[in-house]
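Subject: Handing over the structure

Hello,

I am passing on the structure that you were going to look at, and below it I have written out what was found. Please keep the picture open while you read, so that you can look up each residue as it comes.

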Amino acid sequence: MIFKRLHFATFCDKLTPINESMKGEVMPIAIKLSDLLIEDAKPYAQAMQRSVPKQIEYWARLGKVAEENPDLPVHMLQDMLVSIEEVKAGNLNPYKFG
């Protein structure tokens with residue numbers, strides 16, 4: 001259990017912006033993708049109301065965190081990615097102990 005907590009802390013640290021002036025900055029670049037990958041992404045993108053490039057970006061991010069945290073199930077990694085976006089959007093409720 002402690003091992004998983006350490007991986008979660010490492011995962012969160014890697015997604016924290018290093019430089020506050022670059023927070024939210026996107027550096028667009030052109031990359032070549034196979035037609036098969038693009039065709040595979042289309043139905044998923046439509047179902048999740050994402051663009052095809054955003055769907056492929058999501059898959060890449062999920063694959064990256066899955067490689068960094070091989071002991072965690074994919075659904076937990078997906079929940080962590082959602083949680084990070086909720087924090088960025090300010091959707092927080094303080095937890096009251098007791």
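Predicted model: local features only at pLDDT ≥ 70, side-chain atom pairs only at ≥ 80, totals over all residues.

The protein chain has 4 helices and 0 strands, and its elements, read from the N terminus, run α-α-α-α. Of the 98 residues in the chain, 14% are buried. The accessible surface of the chain comes to about 8,300 Å², and carbon and sulfur atoms account for 62% of that surface. If you take the contacts between residues at least 6 apart in sequence, you will find that 39% of them join residues at least 24 apart.

I would look next at how two of the helices meet. Two packed helices are described by the angle between their axes and the distance between the axes. Helix 3 (52-68) and helix 4 (residues 74-88) pack at an angle of about 115 degrees, and their axes are 10 Å apart. The crossing of helix 3 and helix 4 is right-handed. On the side of helix 3 the contact is made by Y58, R61, L62, V65 and A66, while helix 4 brings V74, L77, Q78, L81 and E85 to it.

Two residues of this contact, R61 and E85, also have side chains that meet in a salt bridge, with an N to O distance of 3.9 Å. Because R61 lies in helix 3 and E85 in helix 4, the pair ties together parts that are 24 residues apart in sequence. Both partners are partly exposed, R61 at 29% relative accessibility and E85 with a relative accessible area of 36%.

Leaving aside neighbours within four places in sequence, Q78 is in contact with Y58 and L62. Q78 and A66 are 12 residues apart in sequence, and their C-alpha atoms are 9.5 Å apart in space.

How many salt bridges does the structure hold? There are 5, and the general idea behind them is that side chains of opposite charge can pair when their charged atoms come close. Besides the pair described above, one of them joins the side chains of E39 and K42, at 2.9 Å from N to O. Because E39 and K42 are 3 residues apart in helix 2, about one helical turn separates them. E39 has a relative accessible area of 45% and is partly exposed, and K42, with 38%, is partly exposed as well.

Another salt bridge is formed by K64 with E68, whose closest N and O atoms are 2.8 Å apart. Both residues lie in helix 3, 4 residues apart, which is about one turn of the helix. K64 is partly exposed with a relative accessible area of 43%, and E68 is partly exposed with 22%.

Not counting residues up to four places away in sequence, Q55 touches A41, Y44, A45, M48 and R50.

Q49 is found in the loop between helix 2 (35-47) and helix 3, and it counts as exposed because its relative accessibility is 72%, where exposed means over 50%. Most residues other than glycine have a negative phi. Q49, although it is not a glycine, has a positive phi of about 55 degrees.

I29 is found in the loop between helix 1 (2-15) and helix 2, and I29 is exposed, with a relative accessible area of 70%. Together with I31 and L33, I29 forms a nonpolar patch on the surface, and the three residues have about 320 Å² of accessible area together.

Methods: Residues numbered from 1 in each chain as written. Heavy atoms only, no water. Helix = DSSP H or I, 4+ residues; strand = E, 2+ residues; numbered from the N terminus. Buried < 20%, exposed > 50% of the residue type's maximum accessible area, 1.4 Å probe, protein only. Patch = residues over 30% accessible without salt bridge, like charges linked within 9 Å, V, L, I, M, F, W, Y side chains within 5 Å. Areas by Shrake-Rupley, 256 points an atom, 1.4 Å probe, with all protein chains shown as cover. Salt bridge = Lys/Arg side-chain N within 4 Å of Asp/Glu carboxyl O. Axes fitted to C-alpha atoms, helices over the stretch in contact; angles between N-to-C directions. Left-handed = near helix turned anticlockwise from the far one by under 90°. Contact = heavy atoms within 4.5 Å.
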